[in-house]
Amino acid sequence: MRHNKKSHQKNSTSENNQFLVSRRDFIGKSAIISIGLMLPNYLTAFAKSSKNNMTMVDPATAMTAITAAKTALDIMASFSGSSDSGIAAMLRYQNALLHLIIDQLGEIQRSLLTVQNAIAVLPEQIKSALAEQFRIELIANINGAASRYITNVLSPSLSNPELINELQVQNEISNIVFIVDQNISTLLETQTGIGPEACMIAPLAMSLNIAGRTNLNYSKSVKVSQLLRYRKWFDDMLSDKPGSIKSVQKQSMIDHDRYISQLDNNPLANRLGIKNFIIGGSQIGIEDTDPAVMISRSGVSCDIIEGKPCDKYGGWRPNDSFLSRAFSGIYIRLSSVTKVLDKQLDAYTLQYNQSEPLIYSKDEPNSMTTYKPFSGKYHYLHTVPNNTKLPSNYIKELVESDKTAARNNNAFREEIKLAITQANLERAKISFCAQAQVVALNTKKRIEEYINTIE
Amino acid sequence: MKTATLIFILIFSLSQLSAQYRPPGMADMSFYNNLGDLLESKSHELQDDVFKNTAQNESKARQQDIFNALKWIGEGGYLLRLRVQEDPITRNKVPLPIEYIGVGKVPADIVIANSINPTISSSPNENLRVQSSYIWITIKNKDSRKPKLVFGDIYGEFAKQVNQKVLLHMLNKDMLESFFISQKAVYFETIKNNLYKQISDRTVASNTENLMQSFLNQAQRLKSIEEKLQKDLKKIEEANAVLKLISDLQTVLSVASLAIQISAALDDIPQASLNAATTPAEQVKVVNEYMLRKGDVVETYRQEIILEGKTHNNFKLDLENQLKTLGVPDEMIRPLLY
């Protein structure tokens with residue numbers, strides 16, 4: 001159904017169809033670009049090579065992966081949260097708390113599996129990129145080690161505390177410690193080694209390492225030197241170094257505002273006060289019409305009564321008296337951008353809202369009783385021949401089949417929705433970083449506590 | 001009979017040899033009878049005869065002090081540092097004046113314990129290559145009527161080991177801190193043990209010991225206040241960071257999420273007031289109150305430090321005078337007081 005540009009301008013029906021195609025493109029692009037935020041280098045290359053072969057990705061799916069990752073961090077935050085949390089119990093290897101350790105490790109394991117699954121269902125190209133970003137194979141390896149530790153060491157120890165001293169179990173533990181060490185070394189060599197993603201596994205790896213070494217009767221000094229290594233790592237995560245949690249978060253804030261400012265030339269976005277939604281903004285938008293179409297049978301134009309010409313899109317802001325005198329029918333949908341609290345992300349995301357259409361016609365006076373002029377709001381003017389009957393379903397059809405100038409709003413609206421999707425992914429990332437920061441701070445505190453008691 | 005005498009002499013001299021204290025890991029150290037001979041053995045890199053003579057004379061002049069210091073340390077040695085600077089162009093090796101560092105049992109420990117300021121980083125021009133070696137002075141025939149000073153050379157790999165250990169400590173502030181404390185204890189113990197051997201008046205010895213103990217207690221007290229002060233200053237710094245965090249993220253993160261951020265960063269913030277805050281503005285207020293309270297506490301600590309610091313200083317002067325009067329060498333006093 002692709003048409004060239006000239007023919008759309010002449011043929012409004014085909015213009016509508018063209019728009020549907022580009023809308024799909026928009027959504028596809030939106031998801032790809034959004035994930036690209038996590039993967040700037042990869043995506044630029046990818047976008048260049050696949051211009052004509054755009055992969056369709058539901059933005060919601062990408063958001064799901066990030067939400068799952070954020071949830072994993074929530075669980076990690078409570079694992080490292082207090083002096084009687086799982087991580088503290090593991091560092092000290094307190095037998096009395098085996099139940100707690102097993103429970104919390106199990107929870108972490110499940111949450112990391114959810115992240116792996118959320119990434120696994122993404123389309124191939126995106127999946128491999130996101131998997132690389134999150135170092136999914138390291139997550140899988142360390143998660144596997146945790147699972148072995150639960151199944152082969154902790155759970156059997158519940159009924160037989162002496163088991164830990166058996167040669168086979170000792171071998172199993174040293175194998176687990178070896179795997180953890182190896183994977184952490186790999187992670188530290190990568191670019192994302194001190195970023196928020198590292199917090200998804202670092203506390204788990206550290207706990208396995210220290211608990212394992214405690215079971216293997218390593219000396220204090222070895223454990224302390226391991227812990228100092230981890231402390232250094234968490235210090236780096238909390239620093240201002242490039243790639244640290246803070247620097248990733250800062251970049252997301254910049255990117256977020258960049259997406260919002262892409263709408264600077266979007267008239268609808270400006271009417272809705274989109275600029276208020278930058279990170280430091282008031283987060284309160286302006287309610288306006290999307291669209292409002294005034295249908296006139298009397299052949300009036302904008303400037304007849306008010307003396308103001310319509311803008312280049314065919315709309316203006318009429319006052320109340322003009323509205324009541326000149327129109328024969330009206331179609332209005334009210335719209336706004338609002339912040340909505342996403343409970344899972346613990347963050348405010350942006351949402352584009354559009355009310356159901358309100359239609360009024362002089363030919364159906366019953367509907368006039370609830371008429372309320374939207375004086376001063378942006379209206380398009382559409383003139384019909386003098387003898388046209390205007391039942392409300394006719395007005396609805398007229399506007400929704402894009403036969404009026406209100407069709408301009410379609411592109412503006414899609415652009416806003418795209419920018420909002422991108423901004424929301426940045427917001428998700430900001431929240432992800434914030435939670436990573438909590439995990440890193442918590443874990444550091446647990447390390448300090450443990451070093452103080454071990455010496 | 002002759003053989004027996006020879007064996008006797010051999011055993012006797014061996015026992016004398018092993019009686020000279022060598023630092024750990026340097027059992028093979030051989031000794032020279034005077035500093036001049038030792039420096040002569042380095043003639044391939046030290047050709048400056050004036051330097052050698054000056055050094056030899058200085059060591060003679062200090063002989064009595066060194067004896068005195070070694071008498072107090074008991075088992076141990078006196079450490080000198082010899083630094084040779086190489087001119088990058090002419091490749092000439094210019095020795096710097098020999099440093100008389102102090103007494104102790106382990107060379108690296110002596111260097112660290114006597115460096116009030118980190119001397120490693122204050123080395124001269126970086127472009128100049130400076131090589132450090134050490135000289136270990138200990139007493140030969142200690143229990144005879146004519147004890148002698150002998151000079152051992154710590155060079156090459158051994159000197160490198162000493163330098164590395166010193167550098168490691170100097171770079172690691174925490175380690176250095178704990179090291180200073182443990183070294184202080186070593187010097188304290190050594191002086192205490194020797195007080196009763198060297199001072200005939202028991203009362204004086206015991207009073208001096210009490211004075212030392214009070215000084216150390218006061219130092220510990222001061223240190224713990226300083227630690228608390230540092231901790232609270234750090235908290236104020238963190239609270240500032242939290243305020244910035246709230247202002248940056250309040251439009252994105254939920255109030256609950258902000259609260260988690262705040263309590264993760266400031267673990268001693270009153271949870272009840274934080275939980276009662278339902279808007280970012282209220283949270284800012286809670287953090288500000290917390291900062292004000294910390295500020296008050298910090299001010300109290302500062303006042304305490306001034307007061308306790310005066311007492312500490314008085315103890316220090318008293319102790320320094322007392323130890324000097326009793327003939328305790330500077331080399332023993334220095335690491336104890338700083």
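**View 1. Surroundings of Asn209(A) in the predicted model.** Leaving aside neighbours within four places in sequence, Asn209(A) is in contact (heavy atoms within 4.5 Å) with Val177(A), Val180(A), Asp181(A), Gln226(A) and Tyr230(A). The residue belongs to helix H10 of chain A, which covers residues 202-215; helices (H or I, at least four residues) and strands (E, at least two) are DSSP runs, numbered from the N terminus. Asn209(A) is buried, with a relative accessible area of 0%, where buried means under 20% relative accessible area, exposed over 50%, and partly exposed in between (1.4 Å probe, protein chains only). This is a predicted model, in which local features need pLDDT of at least 70 and side-chain atom pairs count only at pLDDT 80 or more, whereas totals for chains, interfaces and linings use all residues. Residues are numbered from 1 along each chain as its sequence is written, chains are lettered from A and ligands numbered from 1 in the order in which they are written, and side-chain values use heavy atoms, with hydrogens and water left out.

**View 2. The largest nonpolar core and Tyr149(A).** A nonpolar core is a set of buried Ala, Val, Leu, Ile, Met, Phe, Trp, Tyr and Cys residues joined through side-chain atoms within 4.5 Å. The largest has 119 residues, of which Tyr149(A), Met200(A) and Met237(A) touch the most other members. Helix H17 of chain A (residues 408-454) gives the most to this core, with 15 residues. Beyond its neighbours within four places in sequence, Tyr149(A) is in contact with residues including Met90(A), Tyr93(A), Leu105(A), Ile176(A) and Asn215(A). Apart from this core lies another, of 43 residues, among them Tyr100(B), Leu149(B), Phe188(B) and Leu216(B).

**View 3. The largest pocket.** About 2,400 Å³ of space lies in this pocket, a pocket being an open set of points on a 1 Å grid over the protein atoms alone, where a 1.4 Å probe fits, with protein on both sides within 12 Å along at least five of seven lines; lining residues have an atom within 4 Å of a point. Of the 50 lining residues, Asp235(A), Lys444(A), Glu448(A), Lys234(B) and Glu238(B) are the closest to the centre. H8(B) gives the most to the lining, with 16 residues. The lining divides into 15 nonpolar, 8 polar and 27 charged residues, with Ala, Val, Leu, Ile, Met, Phe, Trp, Tyr, Cys and Pro counted as nonpolar, Asp, Glu, Lys and Arg as charged, and the others, Gly among them, as polar.

Conventions:
Grid points are joined across faces, edges and corners, and a volume is the space filled by probe spheres set on the points.
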